[in-house]
Each structure stands twice: as structure tokens, then as C-alpha cells.
Amino acid sequence: MQPEKHNHINIINQPRSEIMADYAGQQGSNHSREINVIPNLELIDLGLGHSPWGAPKKIVETLINRHSSEILNRIEQYPSDRWSAKLAQLTRQRFNLSEETHVSFQPGGSYRILANILTNLIDWTPKKEAGIITPGLCFPNIALLVHQLVPQNKKQEFPFKALDLPINTSYDQRIISLAQHRQQDPLSKVVYLDLPNNPTGATLEQDSLTAIAEATLNKNNPDLLIIDEAYGDTININAISLAQQYPHIIITRSVSKTIGLAGMRIGYAIVSPGQLSELYKKSMDLVFDVGGLDQLILQQTLQPEILNPHLKQVKNKIFQVKTHLIDQLHSLGLNILPTDMNVPILLAQAPHIPNFASFLARYGIIIESGSDFKDVCSEINDSYVRIRTPKDIQTVNIAMQRIQNAIQEAQENPEACWLT
Ligand SMILES: Cc1ncc(COP(=O)(O)O)c(C=O)c1O
């Protein structure tokens with residue numbers, strides 16, 4: 001099928017089932033996969049997006065010292081809605097949100113929230129204007145979710161589109177193009193973007209955010225604008241104030257990344273006040289959704305005296321380690337796409353190694369491979385890798401030594417890249 005053209009922008013709107021089926025099986029995401037690692041090398045995981053610094057250690061201390069008797073109660077009894085309301089209140093205070101701005105914590109991580117939005121909030125029936133569009137290179141699981149959750153017989157065309165811009169297009173330019181494109185494509189009533197961007201770790205200027213909010217506002221019948229801020233805890237510009245100003249925005253957030261609680265699988269949504277908040281409450285919120293013990297842990301974590309120093313410390317770590325990582329990657333001749341130094345992920349390319357991630361897996365380095373992002377960017381290939389910032393400079397140095405060895409082997413024996 002030929003790519004669609006709109007004002008000279010190619011559009012991907014094909015489900016690539018072979019890649020989607022393979023996505024969860026990539027070595028970066030699935031540690032159970034057998035990897036042929038060179039003997040005696042300990043694995044270095046730079047793949048999954050959890051924080052290598054973990055959660056604030058104080059929460060464990062507080063739970064044991066102050067809440068030990070409460071823990072059994074929390075496991076034995078149904079959770080209280082009052083406790084969920086408390087989490088929402090702490091979040092409103094944290095971001096200075098009005099009481100009318102709905103905040104909802106939900107199990108299954110922000111991933112489950114995205115899945116529920118697709119199934120509960122969007123009408124996919126034929127003739128209804130429903131399709132989802134993204135700025136291209138972004139969290140590719142959104143395409144996977146559409147593929148999994150939207151009944152395919154309801155639509156003639158796969159209802160997911162991605163602007164297929166050149167890979168080195170800046171993130172601001174992608175969003176501006178999306179805003180312009182939106183005017184020509186009345187069918188894509190749902191717009192998804194991630195801030196910061198996964199895989200590049202790029203952030204946006206306030207003007208670009210305002211441009212996309214305006215372009216999707218469409219006063220009589222606004223689009224749904226989903227802004228995925230899973231990695232949003234360390235960036236300087238986020239979309240939270242926009243969600244208060246505009247009526248059509250849902251921001252999804254996570255406690256998995258910078259907060260360091262990936263194992264809990266909890267996410268939260270911040271929803272524009274008004275009709276959208278009411279619809280969200282009616283269609284998405286369920287009683288007893290977040291477990292009592294999870295509520296207790298989160299209530300401790302979200303206390304400003306615990307959360308703020310933790311986020312500050314993690315942000316400093318990311319900046320320090322990422323600066324060193326980027327210096328080292330450049331000195332090894334890798335290309336790096338523009339990235340924000342406060343975000344723990346980046347996209348790098350070894351132009352001469354066609355199978356970079358699986359080649360590095362042999363050297364005990366686990367990273368996300370470029371083709372995991374193929375559903376949203378046709379130019380990307382396996383010479384690209386998404387790297388998550390490691391814990392410390394020492395780990396960067398060990399990883400760099402291995403990458404250097406891999407590059408040297410690839411130069412001496414190009415065939416070796418395929419021996420995974
Ligand atoms: C951009 C983005 N959104 C959402 C998620 C899902 O995060 P979680 O379900 O852990 O909140 C991830 C995790 O990889 C992500 O990178």
C-alpha cells in the first residue's frame with residue numbers, strides 16, 4: 001500500500017502485524033528471552049524505562065515505623081475511596097490545580113489508562129469520526145494498543161496514523177506539522193503525543209504545545225488531545241497548565257519512571273475540567289480500583305517532603321550521568337538525536353552496525369532496538385537504539401568499553417553483527 005500524502009507529508013496508517021507481534025519479544029522488554037552473551041559478562045539493563053535509582057527509601061522506613069499495624073488492615077479490607085481522593089488532592093496541590101480538574105489514579109500503570117481511554121472514551125463505530133494520529137516517532141505501543149483493542153471489523157481503515165517525517169525532524173517541528181495537518185484531516189479526532197518524547201527524550205517549547213492545543217480545539221466538536229507524560233517528572237515544561245485552560249486534554253502520568261515505583265503498576269490522569277472530567281468519571285473511574293496497600297504507599301510517596309527531594313536528586317543524577325553518557329557515545333562515533341538532558345532516555349545510531357541492539361546483547365547490554373519504533377517512523381532501523389541512562393558513571397564506563405569492543409569487532413568482521 002502506498003503511503004497517504006497530505007500536503008507533502010507521508011502518513012503511516014498500516015498495522016504492521018509482524019512487528020507488533022514481535023514487539024513484546026524484543027530483548028529490551030523481555031528478559032526471559034535467551035541471549036547468547038559472551039561468557040562471564042554481567043548483564044547491563046539500559047532497556048526498560050524504570051528508574052535505576054528506585055523509589056524514595058524513606059517510604060519504606062515510614063511504612064515500617066508509622067504504619068506497620070495499618071499494613072495488615074490494608075490487605076484485609078476493601079480500599080477506601082477517601083484514600084484515592086487523598087491521592088488526587090495531593091496531586092492537585094503539587095501542580096496547583098483547581099478542584100474542578102479531575103485527577104484519577106488507576107491500576108495497570110499509565111499504559112492501562114491509555115488502553116481504557118481507547119476502549120471507554122472513544123466511539124470507533126463506522127461513520128463516527130474516530131481515528132488517532134501521532135506526530136510520528138513516539139511511544140509505539142499506542143499503535144499496538146489500537147491494534148489490540150479496536151475491533152478491526154468496525155473500520156475500513158486501520159484507525160491509527162503517524163506523520164512519517166524524516167527521522168531527524170525536530171520534535172517541535174513534528175508537533176507544528178501535526179497541528180497544520182490536523183486542519184486537513186477531519187477524521188483523526190484523537191491526537192496523541194508524548195512529552196518528553198519516547199524514544200528521543202526531546203521536550204517541547206511552550207509555543208508548540210499551545211499550537212497543538214489550539215489546532216485540536218475545534219470549538220463545536222473538540223478533538224481529544226492525549227498528552228502522555230510518563231517521563232514528565234523531570235522536565236521543565238509540561239502540559240499540565242494547558243489541561244486547565246483547554247477543555248479537551250487528558251494528561252497521563254506514571255509513578256513507574258522518575259518516582260521509581262514501576263512494580264506497582266499505577267498511573268494517573270489529569271483531565272480538563274468540565275464535560276471531559278465528567279465523562280472521564282462516568283466512563284473510566286471504578287470503585288475499589290486502587291488497592292489499599294498501594295494507596296498507603298502512594299500517600300507516603302506523594303508527601304511533598306518525601307517526593308520533592310527525591311525528584312530533585314533523580315533529576316541531578318540523570319543530568320550528571322547523561323552528560324557523561326552522551327560525551328562517551330559521541331567519542332565512539334555514534335549519532336544522537338536532539339534530547340533534553342533531564343530526561344533519562346535517548347536515541348542513538350551506529351550508522352555502520354545494521355543490527356546494533358542484538359549485537360550489543362552479545363556483549364551483555366540490553367537496549368531497545370530501533371525497529372521497535374517502526375510503526376511510527378518508516379526511516380528508523382536497527383542501527384538505532386534507545387538507551388536508558390544507567391545508574392552511575394561507573395556503569396556508563398563499563399558499558400562504553402563493551403560498546404567500543406563491539407564496534408571494533410564489527411569493523412574487523414562485519415559478518416559478526418548477525419551472529420546473535
Ligand atoms: C511514553 C510512555 N508512556 C507510557 C508508558 C507506560 O508506563 P506505565 O504503564 O509504567 O505507567 C511508558 C513506559 O514505557 C512510556 O514510555
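Let's start with two neighbouring helices: α6 (residues 171-182) and α7 (residues 206-215) pack at an angle of about 15°, and their axes lie 9 Å apart. Because angles under 35 degrees count as roughly parallel, α6 is roughly parallel to α7. Please keep in mind that you are looking at a predicted model. The protein chain has an average pLDDT of 90, and 91% of its residues score at least 70.

**How helices α6 and α7 meet**

- The crossing of these two helices, α6 and α7, is left-handed.
- On the α6 side, the contact is made by D172, I175, I176, L178, A179 and R182.
- On the α7 side, S208, A211, I212 and A215 take part.
- Sorted by class, the residues of this contact between α6 and α7 are 7 nonpolar, 1 polar and 2 charged.

**How helices α4 and α5 meet**

- Two packed helices are described by the angle between their axes and the distance between the axes.
- For α4 (residues 109-121) and α5 (residues 141-149), the angle is about 45° and the axes are 10 Å apart.
- The helices α4 and α5 are therefore oblique to each other.
- The crossing in which α4 passes α5 is right-handed.
- From α4, the residues Y111, L114, A115, L118 and T119 meet N141, I142, L145, V146 and L149 of α5.
- This contact of α4 with α5 holds 8 nonpolar and 2 polar residues, with no charged ones.

**How helices α2 and α10 meet**

- Helix α2 (residues 57-76) packs with helix α10 (residues 292-301) at an angle of about 155°, and their axes are 10 Å apart.
- Because angles over 145 degrees count as roughly antiparallel, α2 is roughly antiparallel to α10.
- Here too you can look for the handedness: α2 passes α10 in a right-handed crossing.
- Helix α2 brings I59, T62, L63, H67, E70, I71, R74 and I75 to the contact.
- Helix α10 brings G292, L293, L296, I297, Q300 and T301.
- By class, the contact of α2 with α10 has 7 nonpolar, 5 polar and 2 charged residues.

**Around the ligand**

- The ligand is surrounded by 13 residues, and the closest are G109, Y111, A230, S254 and S256.
- Helix α4 gives the largest share of this shell, with 3 residues.
- The shell around the ligand is made up of 4 nonpolar, 7 polar and 2 charged residues.

**Backbone details to look up**

- A cis peptide bond joins L195 and P196, with omega at about 0°.
- P196 sits in the loop between β7 (190-194) and α7.
- The peptide bond from N198 to P199 is cis as well, with omega near 25°.
- P199 also lies in the loop between β7 and α7.
- N40 has a positive phi, near 70°, although this residue is not a glycine.
- You can find N40 in the loop between α1 (17-23) and β3 (44-45).

**Where to read with care**

- Where pLDDT is low, the predicted coordinates should not be read in detail.

Key: Residues numbered from 1 in each chain as written. Predicted model: local features only at pLDDT ≥ 70, side-chain atom pairs only at ≥ 80, totals over all residues. Near = placed C-beta within 6 Å. Helix = DSSP H or I, 4+ residues; strand = E, 2+ residues; numbered from the N terminus. Nonpolar A, V, L, I, M, F, W, Y, C, P; charged D, E, K, R; others polar. Axes fitted to C-alpha atoms, helices over the stretch in contact; angles between N-to-C directions. Parallel < 35°, antiparallel > 145°, perpendicular 65-115°, else oblique. Left-handed = near helix turned anticlockwise from the far one by under 90°. Contact = placed C-beta atoms within 7 Å. pLDDT = per-residue confidence, 0-100.
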